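Look through the sequence and the structure shown below. The report that follows takes up the two chains in turn and then the place where they meet.

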Amino acid sequence: MRHITNTLRCLSFGLLMGLSTVSAAQENAGDIKIVVEQPWARASIGTSRPGGAYLALRNEGDVPVYLVGLRADISAMASIHETQTNDEGVSRMVPAGDIEIPVGGTLALEPGSYHIMLMKLQSPLVEGETFPMTLLFSDGLEIEVVVPVLRIGARGPEG
Amino acid sequence: MTNVRIILWSIVAVAIAIVGGFWISERGQLPVAATRLPAAETVLADFELTDHNGMVQTDEDFRGRWMLVFFGFTNCPDVCPMGLATIAQVMDDLGAEGEAVQPLFITVDPERDTPSVLANYIPQFGPSILGLSGPQEQTQQTAKAFKVYYQRNEDESAPDGYTMGHTSSFLLFDPQGEFVRIYEYDLDPSQIASDLQQRIGS
């Protein structure tokens, strides 16, 4: 059963990747192509605490692109933060600001690093469901992503 | 002339080393009460806190079992759920051997994380994890004993306008309550589980 679930999940990721690939040609600026991979969010308990979501962004175009923010109907206050852990094992979060996705490179939003913080949740993040969000990039590029909600104890896109 | 040149270059090298050193230490930023590998004798599991069932618990209540202790706060969207998920997976991996281990989550944000809030949150990760909360003063004393650092950081873009910076490593104590080691919160759970299995078995 677990195997089947994983297979289905891989398939859905494949579909999501297909849907989420956005290409745009810009005058004088080269091709912009950002591929969204393995989006996932952790299930929440109710709506009082911020939810966390993650994904990877691959820049297959030939100009650098910056992730500048996001919109999501499920959150009245969504932003990107970065967890920093120092040499003494002390972790803290800081607003991420604009994050570069270099040409040919991948920007990973993952636990312990950059993460999407979904505050003021309008409804709980329920395991097994999905929700849409729109990633905002430099030059006005927007990509809509469908994010699967995994169990609260998920440690990565595989659960 | 060559000597002068050597001396001048030496001065430049020393200056770069000093400036570089400051730059590196500036990047560390946070004042530090915790060290990554604290001397075992200085870390004390000494606390009296209320668990998420409303029971007062002290460190002595857990003698005879290994204590795996994690400090955090429930409004934390990244490190804390990841750490709790790691501990829950470790306990799953341990199976019956997990009886010898008591995972504890101590909040550094007792203002928001009352025992009833913890009761609503902590068991969702795993039934064996016990959430602990206490008044500010007891929380401070506890952190001091554990050599754990935490600080409220104002952040307009966070819920209620603040987040907590805190030591994210797990601390392991043996059945006599003596500090053994730390594990990083994002370590592969199977590595922690196999390390614990060896210790429990020996």
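In what order do the elements of chain A run from the N terminus on?

## Basis of the report

This is a predicted model, in which local features need pLDDT of at least 70 and side-chain atom pairs count only at pLDDT 80 or more, while totals for chains, interfaces and linings use all residues. Residues are numbered from 1 along each chain as its sequence is written, chains are lettered from A and ligands numbered from 1 in the order in which they are written, and side-chain values use heavy atoms, with hydrogens and water left out.

## Chain A as a whole

The elements of chain A follow the order α-β-β-β-β-β-β-β-β-β-β-β from the N terminus. That makes one helix and 11 strands. Helices (H or I, at least four residues) and strands (E, at least two) are DSSP runs, numbered from the N terminus.

Chain A has 159 residues, and 50% of them count as buried. Buried means under 20% relative accessible area, exposed means over 50%, and partly exposed lies in between (1.4 Å probe, protein chains only). Among the contacts in chain A with a separation of 6 or more, 66% join residues 24 or more positions apart; a contact means heavy atoms within 4.5 Å.

## One residue of chain A

Ile80(A) sits in strand E5 (residues 75–85) of chain A. Is Ile80(A) buried or exposed? Ile80(A) counts as buried because its relative accessibility is 8%.

Leaving out residues up to four places away in sequence, Ile80(A) touches several others, including Leu67(A), Leu70(A), Ala96(A), Ile99(A) and Ile116(A). Ala96(A) is 16 residues from Ile80(A) along the chain, and their C-alpha atoms are separated by 5.6 Å.

## The sheet of chain B

Strands of a sheet pair through backbone hydrogen bonds, either parallel or antiparallel. In chain B, seven strands form an open sheet with mixed pairing, in the order E2-E1-E5-E4-E3-E8-E9. Its edge strands, E2 (56–58) and E9 (179–183), each pair on one side only. Two strands pair if DSSP finds at least two bridges between them. Strand E8 (residues 170–173) of chain B pairs with E9(B) in the antiparallel sense over four bridges, and Leu172(B) stands opposite Arg181(B) in E9(B).

Pro175(B) lies in the loop between E8 and E9 of chain B. Apart from neighbours within four places in sequence, Pro175(B) is in contact with Arg63(B), Gly64(B), Arg65(B) and Trp66(B).

## Where the chains meet

How many residues of chain B are in contact with chain A? There are 40 of them, in contact with 34 residues of chain A. The area buried between the two chains is about 2900 Å², with 57% given by carbon and sulfur atoms. Buried area is the accessible area (1.4 Å probe) that two parts lose on being put together, summed over both. In chain B, Pro77(B), Asp78(B) and Met82(B) lose the most area to chain A, together 22% of what that side buries.

## Cysteines

Cys76(B) counts as buried because its relative accessible area is 5%, and Cys80(B) is buried at 0%. Over all chains the structure holds zero disulfides, a disulfide being a pair of cysteine sulfur atoms within 2.5 Å.
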